[in-house]
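Trainee: I would like to go through this structure with you. Can we take it one label at a time?

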There are 4 protein chains.
Amino acid sequence: MTKSGKKPATNRDKATAKRRNQILEAAVICFLERGYHQTGVRDIATRAGVSLGNLYNHFPGKHDVLVEIAMLERQEMEPFLKILAAQSPAPKVLEKFLKAYGKYLAAPENVILTLEITSEAIRQPDIAQLFLENGDELTNALTAVLRRGIEDGDLRRVPDPEQVSQMILDVLEGGAYRSVLSKVPMRKVVGSVVDFVQASLLPRQ
Amino acid sequence: MTKSGKKPATNRDKATAKRRNQILEAAVICFLERGYHQTGVRDIATRAGVSLGNLYNHFPGKHDVLVEIAMLERQEMEPFLKILAAQSPAPKVLEKFLKAYGKYLAAPENVILTLEITSEAIRQPDIAQLFLENGDELTNALTAVLRRGIEDGDLRRVPDPEQVSQMILDVLEGGAYRSVLSKVPMRKVVGSVVDFVQASLLPRQ
Amino acid sequence: MTKSGKKPATNRDKATAKRRNQILEAAVICFLERGYHQTGVRDIATRAGVSLGNLYNHFPGKHDVLVEIAMLERQEMEPFLKILAAQSPAPKVLEKFLKAYGKYLAAPENVILTLEITSEAIRQPDIAQLFLENGDELTNALTAVLRRGIEDGDLRRVPDPEQVSQMILDVLEGGAYRSVLSKVPMRKVVGSVVDFVQASLLPRQ
Amino acid sequence: MTKSGKKPATNRDKATAKRRNQILEAAVICFLERGYHQTGVRDIATRAGVSLGNLYNHFPGKHDVLVEIAMLERQEMEPFLKILAAQSPAPKVLEKFLKAYGKYLAAPENVILTLEITSEAIRQPDIAQLFLENGDELTNALTAVLRRGIEDGDLRRVPDPEQVSQMILDVLEGGAYRSVLSKVPMRKVVGSVVDFVQASLLPRQ
DNA sequence: CATGAATGAGTGTTCATTCAT
DNA sequence: GATGAATGAACACTCATTCAT
């Protein structure tokens, strides 16, 4: 699967894949600790236990390591996509999602890494695209939930469900960022978000 | 003595202050164009029409230029603080604020600069503090409006008004960031925000 | 006396001379603390409580400050020249001188400053000349004592009294340098020097 | 493992070692010509025919280049240590040593380099230690000769043989320094030193 | 695949000195 | 005489990347 449709995955392939992972993990740690720009390729290689030159056998350059990390981030969204795919009533799904995603964002490393990527995205189109795609998956799934809730009469008929899902994510992620910076417990933040969002979306009785 | 009391500001002082401003403005442009880390002190000096060495007569270092810019950002909040201080009914004030601040955030440079500072704040405590103080002014003013609205019965009795103002700001700023990245018009974003926030805060009839 | 034979020394002249001294004293402290090359002209000016530009009204440049200091060092030799000029028996004079000069060299600042000058002397001919002249005064006076001692029969008839006085100074100054570096008490060093020199110079009975 | 045991020294290792030497030799030349502080890392790299960056693959920094040179200086003492280890009568050994070491010091480069290191030693503890260790080897060997001479009755029973060996070295090195500065031939200096030292140490008949 | 020596432009910062005020 | 802004070359060092082995 690493190369072609078949699966001849030799030991060599496996060893190589392992190296890649070592490097990626090391890079994540470095980027978290010191930031993307402050991290040198040497730092990554050293931390990964790989020679400097060899790193370039696995990645074309520092930039591409970040790109790959951004792509891995996307996989982390899977559990939340699954939650959003559930067929329970929309408000229930929504609440469950907010709490789960909020818990995930309570880990500072997830926030910092995202900010690091966000920050690069502004000037680097490929990362920007990746980042938007990442977000889109989540937004789309969330939007679908909202639409379903509206149709089922479980949610208020908001004018633009897509914008709303964006806002829901913003409000959570913004809270997460502030909780990293100012040490407000994420738990408290999530509680407020749930209340705020529900108040905005639940239909007037 | 150079600042306080009357205004003994000599020509020399004025020239010096002008230089500082030249440098700061040049730095803002550079940071916007290429980002803080990609910008060299040389770039700033050149753009400011100042010699490299002389820049260091006006600022202790690159870092401090960013700090000063962050401090200037704070002053930009003044008009919005004024709006929030108005004594009209809370929902009116709120809407006016959202539109005004949204309009301000429609300028990509304001968003990018904020992100640049945000991004440094994570690893540099002095900038973090400055950044939080900056935000606090706005949050506090907004919180006051919310409290007043609640007391007047104009707004729903939310459990934690401070968190709510944070969320309102997040939702606006997050939208602004996405509008920079994905070219969604900020106008549309602000519309959704106003609806979303009002739906959440206006009391059930 | 500062300029011409007369003595119109105005207040202005006195103030200026005071400034010069302030600068020189500050420079000595800086050179001792951080070394000549590590010391910046700014450091000296700041320490002297003088503006950077003004320092250049008093001295043509950093180099010349060092030259002046080297010249002042020469004056410090006066007391020892006086000791050597005494008409007591040569061995007595010699011992007294060794102890007095040794005591002077026990102060690390005197040793370090000399080394700093010595070290510059290698590459800067004007300092080299000054330094040699400095030393020559002492050597000549010491040589005179030796010659007198030899003629009086109080000292061994050494082949080259001038070389001998050089060596006597070397042995003292070398000891002083080591005492700075390795914390051997200078007192002990001087004792050994006196014994060593006397043994070499006193005539066999 | 690159060093110990047999000699697996690959071509690569050898090439690397050669580079190090090139750099060290270039550094010595630079330090002699212009002094440690006046020499830029670029100067060294250029003279060594090595790129600036690559120099940092071989040495952590400029300081460490000097340290390594100081360490190499120590090896230069080997021949003199051998002379001092000879079992001939102490006065003979002493004279032979003085002449040999004096001849070595007659080369200005040896004197200047030592002064350069000496001068750094004052402010840099690691160099100070290295420098003292260097000197100690010579002093100890010389002290041993003196002690032997005293026991054999070939030398005067001096109170502190260790101090005496220090002084002997000081007198030689001081002479060498002056011969560099004032162009007095080292030959003449050494002659005087031999006389002076012997006069001090040979027992009264 | 693996290594680390090699490159040289680039980093932020300091320097001694000048000069308009 | 006194000030400190102005200059730009120089500083030690780091960078992402290449490539011979």
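Mentor: Start with burial. A residue is buried if 20 or more other C-beta atoms lie within 10 Å of its own, exposed if 12 or fewer, and partly exposed in between, with C-beta atoms placed from the backbone. By that rule, 38% of the 205 residues of chain A count as buried. This is a predicted model: local features need pLDDT of at least 70, side-chain atom pairs count only at pLDDT 80 or more, and totals for chains, interfaces and linings use all residues. Residues are numbered from 1 along each chain as its sequence is written, while chains are lettered from A and ligands numbered from 1 in the order in which they are written.

Trainee: Why is D:H58 called partly exposed?

Mentor: Count its neighbours. D:H58 has 19 C-beta neighbours inside 10 Å. Buried needs 20 or more, and exposed needs 12 or fewer. So D:H58 counts as partly exposed.

Trainee: What is D:H58 in contact with, leaving aside its neighbours within four places in sequence?

Mentor: Contact means that two C-beta atoms, placed from the backbone, lie within 7 Å. On that test D:H58 touches D:R19, D:R20 and D:I23. Take D:R19: it is 39 residues from D:H58 in sequence, and their C-alpha atoms are 8.0 Å apart.

Trainee: Which helix holds D:H58?

Mentor: Helix 3 of chain D, residues 52–58. Helices are DSSP runs of H or I with at least four residues, strands are runs of E with at least two, and both are numbered from the N terminus.

Trainee: How many helices and strands does chain A have?

Mentor: Chain A has 10 helices and zero strands. Its contacts reach along the sequence too. Among those between residues at least 6 apart, 62% join residues at least 24 apart.

Trainee: What does UniProt place at residues 17–77 of chain A?

Mentor: The unreviewed UniProt entry gives "domain: HTH tetR-type" there. Such annotations may be inferred rather than shown by experiment. In the model, residues 17–77 are 79% helix and 0% strand.

Trainee: How is chain A divided into domains?

Mentor: Domain 1 covers 11–59 and domain 2 covers 73–201. These bounds come from an automatic or database domain assignment. Over C-alpha atoms, the centres of the two domains of chain A are 30 Å apart.

Trainee: How do you know that the copies meet through the same surface?

Mentor: Compare their interface residues. Of those in chain B, 97% are also interface residues in chain A, so the surface is the same. In this contact, 35 residues of chain B meet 34 of chain A. Helix 9 of chain B gives the largest share of its side, 12 residues.

Trainee: Which residues come nearest to DNA strand F?

Mentor: A residue is near a strand if its C-beta atom, placed from the backbone, lies within 6 Å of it. Of the 39 residues around DNA strand F, A:G61, B:G53, C:G53, D:G40 and D:G61 come nearest. Helix 3 of chain C, residues 52–58, supplies the largest share of this surface, five residues.
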